[in-house]
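Reader: Could you walk me through this model, one spot after another, and spell out the cut-offs as you use them?
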Amino acid sequence: MTTIEKNLQTVQSRLTTACRAAGRQNREVALLAVSKTFDAGAVARAHAAGQMAFGENYIQEAVQKISALRHLDLQWHCIGPIQSNKTRLVAEHFDWVQSVDRLKIAERLSEQRPGHLAPLQVCIQVNADGGATKSGVLPWDALALAQQVAALPNLRLRGIMSIPEPAPDFDAACAVFASIKAVFDGLNAAGLALDTLSMGMSADLEAAIASGSTMVRVGTAIFGGRMKMD
Ligand SMILES: *Cc1c(COP(=O)(O)O)cnc(C)c1O
């Protein structure tokens, strides 16, 4: 068994345990394997172990892997910051974009999505803990942006994504995740039919699942430590 296969099993059993503790079904929580900085071979090994969905932060690096692995049935999620001059590459190569945080980027993605591809599945990134320099729309601006994005023809708005600062313990993590869940619930109460609440990473997926996450994004616990910082 490869290390990646073993790690995936460990992560899957953490998901199962967390779902059971929260009184939720396993199928309510999707696992996104975050493969940034790891090569196409690592992605292929994870796929051989049953993993289908992969998250990437760096567009150029991702496009190389996506092209190299074109023969596999994979789903690719862009989860990193997107500059205007990279939107075309994203629109042409990814299935999902979770890091939409301004209208201009969403408009370009919609315009540049090739007609032969399915609509781009999109999440609005929410800056839940308010760091001024962080990516993501502030919680009170999320509804206006979500309504504008939902109206774009070649995008399909699925939900929100957030990357809160690491919390000191489980209860503190749950408090932050609950505030993100409240934004998600608010958008649905306003009439947007959203099904994706993307929150939780290697260190805090249990707290995220306890707080209602429907997608956890896990890198280190599957692929190991990264050399690059980000
Ligand atoms: C790197 C990254 C992750 C994965 O983080 P780990 O702690 O390695 O699990 C998840 N989401 C985003 C947006 C990331 O950039």
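Reader: Where is the place of Gly225?
Author: Gly225 sits in the segment after α9 (220-223), where helices (H or I, at least four residues) and strands (E, at least two) are DSSP runs numbered from the N terminus. This is a predicted model, in which local features need pLDDT of at least 70 and side-chain atom pairs count only at pLDDT 80 or more, while totals for chains, interfaces and linings use all residues. Residues are numbered from 1 along each chain as its sequence is written, and side-chain values use heavy atoms, with hydrogens and water left out.

Reader: Is Gly225 buried or exposed?
Author: Gly225 is exposed, with a relative accessible area of 58%; buried means under 20% relative accessible area, exposed over 50%, and partly exposed in between, with a 1.4 Å probe and protein chains only.

Reader: On to the ligand: which residues surround the ligand?
Author: The shell is made up of Val34, Lys36, Asn57, Ile79, Ile163, Met201, Ser202, Arg217, Val218, Gly219, Thr220 and Arg226, each with a heavy atom within 4 Å of the ligand. By class, the shell divides into 5 nonpolar, 4 polar and 3 charged residues; Ala, Val, Leu, Ile, Met, Phe, Trp, Tyr, Cys and Pro count as nonpolar, Asp, Glu, Lys and Arg as charged, and the others, Gly among them, as polar.

Reader: What lies 2.8 Å from a nitrogen atom of the ligand?
Author: That is a polar side-chain atom of Arg217. On the oxygen side, a polar side-chain atom of Lys36 lies 2.7 Å from an oxygen atom of the ligand, and a backbone N or O atom of Gly219 lies 2.8 Å from an oxygen atom of the ligand.

Reader: How much of the ligand's accessible area does the protein cover?
Author: The protein covers 89% of the 380 Å² of accessible area that the ligand has on its own, with areas from the Shrake-Rupley method and a 1.4 Å probe.

Reader: Switching to strands, where does Met215 lie?
Author: Met215 lies in strand β8 (residues 215-218) and is buried, at a relative accessible area of 7%. Met215 and Met199 are 16 residues apart in sequence, and their C-alpha atoms are 6.3 Å apart in space.

Reader: And Ala53, buried or exposed?
Author: Ala53 is buried, with a relative accessible area of 11%, and it lies in strand β2 (residues 53-56). From C-alpha to C-alpha, Ala53 and Trp76 are 6.0 Å apart in space, although 23 residues apart in sequence.

Reader: Last one: how far apart in space are Cys19 and Ser84?
Author: Their C-alpha atoms are 38 Å apart, with the two residues 65 apart in sequence. Cys19 lies in helix α1 (residues 3-21), and it counts as buried because its relative accessibility is 1%.

Note on methods: Polar contact = N/O pair within 3.5 Å; in protein donor to acceptor, adjacent residues only side chain to side chain.
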